[in-house]
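Here's a quick tour for anyone meeting this structure for the first time. Take a look at it below, and then we'll walk through a few of its parts.

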Amino acid sequence: MGVPSDDAVVIQKGKKPGEPHVVTVNCPDKTGLACDICRIILDFGLYITKGDVSTDGKWCYLVFWVVPHSRLLVRWSNLKNRLLSVCPSCSVSFYLNHQPPPSTSSPVYLLKFFCLDRKGLLHDVTQVLSELELTIQSVKVTTTPDGRVLDLFFITDNMELLHTKERQDETCEQLHAVLGESCISCELQLTGPEYECHQGMCSLSPVIAEELFQFDISDKEIHSQALSPDMTKLKKTNVNIDNSLSPAHTLLQVHCIDHKGLLYDVMRTLKDCNIQIAYGRFSANNNGYRDLDLFIQQKDGKKIVDPQKQSGLCSRLKVEMLHPLRVIIANRGPDTELLVANPVELSGKGRPRVFYDVTHGLKSLGICIFSAEIGRHSASDREWEVYRFLLEESIKFQSSIARNQIVDRVRRTLMGW
């Protein structure tokens, strides 16, 4: 008999306020499972304080200590259901055949509302959607000359209940509660052909694309991106490979500055490189740094001995540790535009909570968003998710200091600093 599905994920809540909750996953293994789990944990606004991962290639055991990283309410029962949804079936047939069930994409719904504009409006709406576990796939926000806003959110429901009237009513009621009397109309419906019109690739000028997607990052560029006020800390970021400690596995060691989603960034990179993890330990924060030790293999079950492959993996991981999200400000004609980009997994999934964090950072600065869009762009042999925010007209954006402050605040919000 297989292990009952409910036992595949166990969440033990902390006994005291502030004490980490322990998330345990015990199920058949699959390539990229740790990445999928870390992505869901990040999507629920949780911060992984430490973790352990082990597998024999067929069965895996993962333990993560997590604490809330934001003011969003965590629905622990929903977190468990989401984690169970990515765990391979615990049936005997899966264990013997190791074949995952076919995946189905969630239907996309259009949330359209028309209201009076105000500072922080977009973030407040995004917070409601996040608390309801509605994922933003695409967005089109436009402000009219008379101070009104037309918002088009293309969303999917992580709970797969948006087809029900009860779930739709709940969504509209929550939005009305936040928008208040400023809300003129609110509609929710299954998407039609209009969704495809908003799914096109992002059109960027060559100059902006080069600045946004450059692969190699100099110390000067890292400093300008406000990754850390102390350059000596950045220089201590190291990624090393050692083949002397195990006859069958390569030891990958990562030492870097801590940030929100760090473990997801590592697991995402390894998943896209077809690297399998046999055992791993993610240490607790030590003076702002994290240490990660992973015993890994290539997809063929062999160690990584090719010097070029070793160098390529270390180089890519180091860039992901230092620069997982790209944030710049550019001129769009006479207007000021904030651009944020993150690499998309080969599975097609983008990083969770980016839109939430960017709008939160701008709200904390008291900056209004004139329009917003989400699109995709291909560069450096990979696909990127690009968030574009046209900011309110203001003379304070004309100085380089003010622009750097915007980049600094948004980036620090994204990185959890």
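## A first look around

The chain has 13 helices and 16 strands, where helices (H or I, at least four residues) and strands (E, at least two) are DSSP runs numbered from the N terminus. Keep in mind that this is a predicted model, in which local features need pLDDT of at least 70, side-chain atom pairs count only at pLDDT 80 or more, and totals for chains, interfaces and linings use all residues. Residues are numbered from 1 along each chain as its sequence is written, and side-chain values use heavy atoms, with hydrogens and water left out.

Of the 417 residues in the chain, 51% are buried (buried means under 20% relative accessible area, exposed over 50%, partly exposed in between, with a 1.4 Å probe and protein chains only). Take the contacts between residues at least 6 apart in sequence: 71% of them join residues at least 24 apart. Contact here means heavy atoms within 4.5 Å.

## Two helix pairs

Now for some packing. Axes are lines fitted to C-alpha atoms, for helices over the stretch in contact, and angles run from 0 to 180 degrees between N-to-C directions.

| Helix pair | Angle | Axes apart |
|---|---|---|
| α1 (residues 33-43) and α2 (residues 76-86) | about 160° | 10 Å |
| α10 (residues 262-272) and α11 (residues 307-322) | about 150° | 10 Å |

That makes α10 roughly antiparallel to α11, and α1 and α2 are roughly antiparallel to each other too (the term covers angles over 145 degrees). The crossing of α1 and α2 is right-handed, and α10 also passes α11 in a right-handed crossing; that means the near helix is turned clockwise from the far one by less than a right angle.

Who touches whom? On the α1 side you'll find Leu 33, Asp 36, Ile 37, Ile 40 and Asp 43, which meet Leu 79, Arg 82, Leu 83 and Val 86 of α2. By class, that contact has six nonpolar, no polar and three charged residues (Ala, Val, Leu, Ile, Met, Phe, Trp, Tyr, Cys and Pro count as nonpolar, Asp, Glu, Lys and Arg as charged, and the others, Gly among them, as polar).

## A stop at Glu 383

Glu 383 sits in strand β16 (residues 382-391). Is Glu 383 buried or partly exposed? Its relative accessible area is 30%, so Glu 383 is partly exposed. The side chains of Glu 383 and Arg 376 are joined by a polar contact of 3.3 Å (a pair of N or O atoms within 3.5 Å; within protein, one must be able to donate a hydrogen and the other to accept it, and residues adjacent in sequence count only if both atoms are side-chain atoms).

Terms used. Angles under 35 degrees count as roughly parallel, over 145 as roughly antiparallel, 65 to 115 as roughly perpendicular and the rest as oblique.
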